[in-house]
Amino acid sequence: MKKYFVILVLLALALFISGCIGFLTTPGEDSITSGKGRLKIYLTDSSEKYKGNDPEAYSAVYITISKIQVHLAGEDEETEGEWIKLELKNGETIFDLIELKNEGLSVLLSEVELEPGKYTQIRLFVTDASILIETEEIEEDSKLIEVTDEVPSDAINVEIPSVYQTGLKLIHPFEIVDSEETVLTIDFDAEKSIIKTGNGNYKLKPVIKVVTGSTDEEDG
């Protein structure tokens, strides 16, 4: 009887150890598919407020990002390579760049797995842009404009020149390495990117840099 008891204990112990090993070796949510590398792209505005004494300082700068692509370089100089469309985390989305700046945050645009290789640039599609002009009432309340899925009705439209309709090309070579993660941040200077024309209209002239790594993150 004692012999059978010992055997049962050993079997139970073996099953327990096997389960623990299985638990330890099961890929987690952050695991990367073999033969792929992960790319994370964030959006932020890390610039300083430079229009503090301007009567037309902006309380909000809204941009709608509809699509993002990256360019995979060809295997040699004679091969053009290809543009790869990335899946946006929340699909087409409206962002308030001033809110990102005031909060000191970056938001996740896309997180995808890609083929390892050298990539030469990013193409960002901004389909709409608009602004809110800061007023004394907003300054006194010291409240941020909350971003929703719609732009406020009193926002002023910003013209997007036709040259940008095919996407903003951001030259920033990077490499995707097998089983490794690459993080890029698109730093979009909201205030410098809005130009007031002589006829009183506003036009988008993007001032953007791409940096490796991200600032304080907000995955929403």
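1. Lys101 and Glu191 are both buried, and in this predicted model their side chains meet in a salt bridge with an N to O distance of 2.7 Å. The pair links distant parts of the chain, since Lys101 belongs to helix H2 and Glu191 to helix H4 (residues 190-193), 90 residues apart.

2. Asp45 deserves a look alongside that pair. Asp45 sits in the loop between strand E1 (37-44) and strand E2 (58-72), and although buried it has no salt bridge, the nearest side chain of opposite charge being that of Lys101, 4.0 Å away. Which polar partners does the side chain of Asp45 have? A polar contact of 2.6 Å joins it to the side chain of Ser47, and the backbone nitrogen of Ala190 lies 3.0 Å from one of the polar atoms of the Asp45 side chain. Beyond its neighbours within four places in sequence, Asp45 is in contact with Leu97, Leu100, Lys101, Asp187, Phe188, Asp189 and Ala190.

3. The structure holds 4 salt bridges in total. One of them joins Lys36 and Glu115, whose closest N and O atoms are 3.0 Å apart; here too distant parts of the chain are linked, with Lys36 in the loop between helix H1 (2-25) and E1, and Glu115 in the loop between E5 and E6, 79 residues apart. Lys36 is partly exposed, with a relative accessible area of 25%, and Glu115 is likewise partly exposed, at 43%.

4. Another salt bridge pairs Glu111 with Arg38, with the closest N and O atoms 3.5 Å apart. Glu111 lies in strand E5 and Arg38 in strand E1, 73 residues apart, so that this pair also links distant parts of the chain. Glu111 counts as partly exposed at 39% relative accessibility, whereas Arg38 is buried, with a relative accessible area of 7%. A network of salt bridges links Arg38, Glu111 and Glu181.

5. Turning to the rings, there is 1 aromatic pair in the structure. Tyr119 and Phe174 form this pair, which is stacked, with 5.3 Å from centre to centre and 10 degrees between the planes. Tyr119 is in strand E6 (residues 117-133) and Phe174 in strand E8 (residues 168-176), 55 residues apart. Tyr119 is buried, with a relative accessible area of 1%, and Phe174 is buried as well, at 8%.

6. Leu105, in the loop between helix H2 (97-103) and strand E5 (106-114), counts as buried at 18% relative accessibility, and its C-alpha is 6.4 Å from that of Thr44, although the two residues are 61 residues apart in sequence. Ser179, in the loop between E8 and strand E9 (181-188), has a positive phi, near 70 degrees, and is partly exposed, with a relative accessible area of 43%. Most residues other than glycine have a negative phi.

7. For the chain as a whole, there are 4 helices and 13 strands, and buried residues make up 37% of the 220 residues. Among contacts with a separation of 6 or more, 80% are between residues 24 or more positions apart.

How values were computed:
Residues are numbered from 1 along each chain as its sequence is written. Side-chain values use heavy atoms; hydrogens and water are left out. Rings of Phe, Tyr and Trp (its six-membered ring) pair if their centres lie within 6.5 Å; planes under 30 degrees apart count as stacked, over 60 as edge-to-face and the rest as tilted. Helices (H or I, at least four residues) and strands (E, at least two) are DSSP runs, numbered from the N terminus. Buried means under 20% relative accessible area, exposed over 50%, partly exposed in between (1.4 Å probe, protein chains only). Lys and Arg count as positive and Asp and Glu as negative; His and the chain ends are not counted. A polar contact is a pair of N or O atoms within 3.5 Å; within protein, one must be able to donate a hydrogen and the other to accept it, and residues adjacent in sequence count only if both atoms are side-chain atoms. Contact means heavy atoms within 4.5 Å.
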